[in-house]
Amino acid sequence: MEFGASSALLNTNNPLCVGRSAKLPALRDPAASRASSNTSVHFSATAAPRDICVCKAAVKSSRAGSVSSDKVMKLSEEASHESELFSLTALSPLDGRYRKFVKDLAPYMSEYGLIYFRVVVEIRWLLKLSELPEVVEVPAFSSDARSYLEELISSFSVNDALEVKNIEKVTNHDVKAVEYFLKEKCQPHPEIAKVLEFFHFACTSEDINNLAHALMLKESLNNVIIPVMDDLIKAVCAMAKDNAHIPMLSRTHGQPASPTTLGKEMAIFAVRLSRERHGISSVALMGKFAGAVGNYNAHLVAYPEINWPQIAKEFVESLGLSFNPYVTQVFTCFFMHLC
């Protein structure tokens, strides 16, 4: 029996990328930088980089440079016990027993990821304002200032996120904490220090959050979920081709029926998964940036001569998202349930 149903699925030129890549700088943790910012979908034979999240205890001894093997063993047992205890007390099994299976999503879908993408949106918005000649209070940035801001994104670490959380303990407001964090980081730069109050210009918290949430989903899909689906489809297609000549009984009404091949049955699953992959990658990830009630009120009071809906559209689309022009303060993100 000839098999060819899966050949179209292995066409790597098929552009099933999720939306348009925003080319965001790579995420970084304190130990190492994350993968490249290229978010295009591709088949990869190598495993995605794994985060190393180890709680290391500092061992102190009365004798410098000497630690007994019994002490090391005891600390190792305690660390293992703490890890198991965390798994048992985690509110979600995704953070407990299944952590090892989903940890590649942590840089994007965790609170760290949310804070990171909030930082991205706030900085990108200030850069956008600097490109508008009508906003005379924010003159065009020099290359040094732009590089300084871009470096805040590319070098953002878990320690930076912890600093934001410490600020939040005072502000009791998560988005405002990000704004204060950026003001502190940019205060030493004389050019940016003059325009610190424009980081959050005319924004409501939902303007920042809805874009951050959409970017979290977009980058998770492009960097983790879609590549894993592609690898699985490729593997099942290979099984279908390798077993195209293996005969087997099919079944109908719960009993043996006409013959089929193992390859054809595997091709069914490859096609099903490919269809779901195409559906997920075709969802338009949307965002809004229209202020407190969706009418650009603060924008127009400050600069009535600017076409703010057009500016918002350009800004949202520059992040690789689709623009939603008709919103209230809160964006329902109805597209997320489709993914």
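Reader: What is the handedness of the crossing of α6 and α7?

Author: The crossing of α6 and α7 is right-handed; a crossing is right-handed if the near helix is turned clockwise from the far one by less than a right angle, and left-handed if anticlockwise. This is a predicted model, in which local features need pLDDT of at least 70, side-chain atom pairs count only at pLDDT 80 or more, and totals for chains, interfaces and linings use all residues. Residues are numbered from 1 along each chain as its sequence is written, and side-chain values use heavy atoms, with hydrogens and water left out.

Reader: At roughly what angle do the axes of α6 and α7 cross?

Author: Two packed helices are described by the angle between their axes and the distance between the axes. Here α6 (residues 158-171) and α7 (residues 174-186) have axes that cross at roughly 120° and come within 8 Å. The two helices are therefore oblique to each other (under 35 degrees is roughly parallel, over 145 roughly antiparallel, 65 to 115 roughly perpendicular, the rest oblique).

Reader: Which residues of α6 make the contact with α7?

Author: Contact means heavy atoms within 4.5 Å. On α6 the residues are D160, E163, V164, I167, E168 and T171, and those on α7 include Y180 and F181. By class, this contact has six nonpolar, one polar and seven charged residues.

Reader: How do the axes of α4 and α6 cross?

Author: The axis of α4 (residues 111-130) comes within 10 Å of that of α6, crossing at roughly 85°. That makes α4 roughly perpendicular to α6. E111, Y112 and I115 of α4 meet V158, A161, V164 and K165 of α6.

Conventions
Axes are lines fitted to C-alpha atoms, for helices over the stretch in contact, and angles run from 0 to 180 degrees between N-to-C directions. Helices (H or I, at least four residues) and strands (E, at least two) are DSSP runs, numbered from the N terminus. Ala, Val, Leu, Ile, Met, Phe, Trp, Tyr, Cys and Pro count as nonpolar, Asp, Glu, Lys and Arg as charged, and the others, Gly among them, as polar.
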